[in-house]
Amino acid sequence: MTAIERRASFSLASIFALRMLGLFLVLPVFALEAARLPGGDDPARVGLAMGIYGLTQAFLQIPFGLASDWWGRKPVIVAGLLLFALGSFIAAWAPDLHWLTAGRAVQGAGAISAAVTALLADTTRDAVRTKAMALVGGSIALMFALSLVLAPWLASHIGLHGLFALTGALALAGIAVVLWWVPPEPRAHASPPRGSLLAVLKDPALLRLDLGVFVLHAVQLAMWVALPALLVAAGLESSRHWQVYLPAVLASFVVLGMTLFPLEKRGYLRAVFLGAVGVIGLVQLGLLWTVFSGAAPSLGWLGALLVLFFCGFNVLEASQPSLASRLAPPQARGAALGVYNTLQSLGFFAGGAVGGWVTKHQGPQGLFMVCGGLMLLWLAVAWPMKAPSPAGRGSVANADPRAGQAS
């Protein structure tokens, strides 16, 4: 990477990290803390308050992506972070569950994922795009693991209202990053032709990626409906689950660096991509076998499955948005990533809602069967894919040729 590409990658990854840390800190304690508010005795309303964030995200990802194509990435990102901060402070003040739900809805209205990833694509070459996207995906996975460590301790000291106030402060810090650290937008995109949403929706290659990101995040969230109970059955109390999650995430980063980047450079991206889909499918079969065996699960076995899951997950988190940004026309990149992130948000919502329903009626064995079936479907749909040829080292519109040698 050149110096400007490193600056773009780290600064935009930090925006995701600040935003996602605030979100993840709330999730492990949300249901318990929200139940103490007036109206919190209704589990359905608590579930709505938790899930409405994903719904408003899903509705607004495409409009925000199109807006970033038309008016520029940075103004849209700042506007989205302001909305996210406003929603966080409403939730921090909320005297009852109604206002908490409203705050979560306003948080979700700050749907900046498409604009951030489009700006990252604008400021990096194809040759290093996957590496840049991996920094974003890695920052999200690391924030998830870190939140599992910090959330119970912070909740005991500052409560749910304090966690939401901290989330708002982290969003304002993200605005500072946009204004003073993120590189300027490429001049080539200062007055771009307006992107076409219809062209994006007609592209089979992009539609495969959209289905893939929906399945990936639906399976990810659905797994966690049943996985914590398996870890408890293996003898690990819930407050110590991070001792399995964090090493698994860190180990997957090592595998990511040793496999995806060198193999992509050699032209094996398709094989790595399909292999990652297959690995997550095998993890679901492993979890299904664990449940069907009837014996108490082994902590080492579950840890190994989680390492494999995060290896596959991080490969796909890095390669899918990279592929979407490379396959989309530059003038419709925000629109394409808006559709992509919409399906990601819908996957989160479906994974939680459907995963909970399946677990309630069919047990964890039914859940892992459904997850395995979804991964098989994705593998079949993704099989005809053709990855872009190994990219050259042409510069992006605003890359400084004196910025340094590629690394």
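Which residues in α4 meet which residues in α6? L100, R104 and Q107 in α4 meet L160, F164 and T167 in α6, where contact means heavy atoms within 4.5 Å. This is a predicted model: local features need pLDDT of at least 70, side-chain atom pairs count only at pLDDT 80 or more, and totals for chains, interfaces and linings use all residues. Residues are numbered from 1 along each chain as its sequence is written, and side-chain values use heavy atoms, leaving out hydrogens and water.

**Helix α4 against helix α6**
- Helix α4 spans residues 97–109 and helix α6 spans residues 126–180. Helices are DSSP runs (H or I, at least four residues), numbered from the N terminus.
- Their axes come within 13 Å and cross at roughly 20°. Axes are lines fitted to C-alpha atoms over the stretch in contact, with angles from 0 to 180 degrees between N-to-C directions.
- That crossing angle makes α4 roughly parallel to α6 (angles under 35 degrees).

**The nonpolar core**
- The largest nonpolar core has 122 residues. Such a core is a set of buried Ala, Val, Leu, Ile, Met, Phe, Trp, Tyr and Cys residues joined through side-chain atoms within 4.5 Å.
- Helix α6 gives the largest share of this core, 22 residues.
- F30, L100, W224, F273, L287 and W378 have the most contacts inside the core.
- F30 touches V46, A49, M50, L100, R104, L160 and F164, not counting residues up to four places away in sequence.

**S14 in helix α1**
- S14 is found in helix α1, residues 3–34.
- S14 counts as buried because its relative accessibility is 17% (buried means under 20% relative accessible area, with a 1.4 Å probe and protein chains only).
- S14 touches V177 and W181, not counting residues up to four places away in sequence.

Notes
Helix = DSSP H or I, 4+ residues; strand = E, 2+ residues; numbered from the N terminus. Parallel < 35°, antiparallel > 145°, perpendicular 65-115°, else oblique. Buried < 20%, exposed > 50% of the residue type's maximum accessible area, 1.4 Å probe, protein only.
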